[in-house]
Amino acid sequence: MSDDKEKTLCALQEEGFIESNPEVFVKLIQPARFYCGNCGRSAVAEKNLCNPQPL
Ligand SMILES: [Zn+2]
């Protein structure tokens, strides 16, 4: 579980991480500094996005 912060939000969603760890997920997306050019998600760290673009 220690690798979760290194995974993309897309991968975390596929694993059901967002539903089971909503409080942790919020910390990954706020305050958002990047967005994903592929799926439109936003995140604090670009490493959590599959195609990070600066906000
Ligand atoms: Zn993405």
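Leaving aside neighbours within four places in sequence, Pro-52 is in contact with Phe-34, Cys-36 and Glu-46, where contact means that the C-beta atoms of two residues, placed from the backbone, lie within 7 Å. This is a predicted model: local features need pLDDT of at least 70, side-chain atom pairs count only at pLDDT 80 or more, and totals for chains, interfaces and linings use all residues. Residues are numbered from 1 along each chain as its sequence is written.

**Confidence**

- The protein chain has a mean pLDDT of 91, and 93% of its residues reach 70 or more; pLDDT is the predictor's confidence in each residue, from 0 to 100.
- Strand β3 (residues 52-54) has the highest confidence, at 97, and helix α1 (residues 9-14) the lowest, at a mean of 90.
- Where pLDDT is low, the predicted coordinates should not be read in detail.

**Overall fold**

- The protein chain has 3 helices and 3 strands, which are DSSP runs numbered from the N terminus (helices: H or I, at least four residues; strands: E, at least two).
- From the N terminus on, the order of elements is α-α-α-β-β-β.
- The radius of gyration of the protein chain is 10 Å, close to the 10 Å that the globule rule gives for 55 residues, so the chain is as compact as a globular protein of that length. The radius is taken over C-alpha atoms, and the globule rule is 2.2 Å times the number of residues to the power 0.38.
- Along the principal axes, the C-alpha atoms of the protein chain fill a box of roughly 25 × 20 × 20 Å.
- Of the 55 residues in the protein chain, 16% are buried. A residue is buried if 20 or more other C-beta atoms lie within 10 Å of its own, exposed if 12 or fewer, and partly exposed in between, with C-beta atoms placed from the backbone.
- Among contacts in the protein chain with a separation of 6 or more, 18% are between residues 24 or more positions apart.

**Sheet**

- An open sheet is formed by 3 strands in the order β2-β1-β3, with antiparallel pairing; two strands pair if DSSP finds at least two bridges between them.
- The edge strands β2 and β3 each pair on one side only.
- Strand β1 (residues 34-36) runs antiparallel to β2 and is joined to β2 by 2 bridges.
- Tyr-35 has Ser-42 in β2 as its bridge partner.

- Pro-52 lies in strand β3 and is buried, because 20 other C-beta atoms are within 10 Å.
- Pro-52 and Tyr-35 are 17 residues apart along the chain, and their C-alpha atoms are separated by 5.6 Å.
- Asn-51 is in the loop between β2 (42-43) and β3, and is partly exposed because it has 15 other C-beta atoms within 10 Å.
- Beyond its neighbours within four places in sequence, Asn-51 is in contact with Cys-36, Gly-37 and Asn-38.
- From Asn-51 to Glu-6, the distance is 14 Å, C-alpha to C-alpha, across 45 residues in sequence.

**Cys-10**

- Cys-10 is found in helix α1 and counts as partly exposed, because it has 15 C-beta neighbours inside 10 Å.
- Apart from neighbours within four places in sequence, Cys-10 is in contact with Cys-39 and Cys-50.
- Cys-10 and Arg-33 are 23 residues apart in sequence and 17 Å apart in space, C-alpha to C-alpha.

**Cis peptide bond**

- Gln-30 and Pro-31 are joined by a cis peptide bond, with omega about 0°.
- Pro-31 is placed in the loop between α3 (22-29) and β1.
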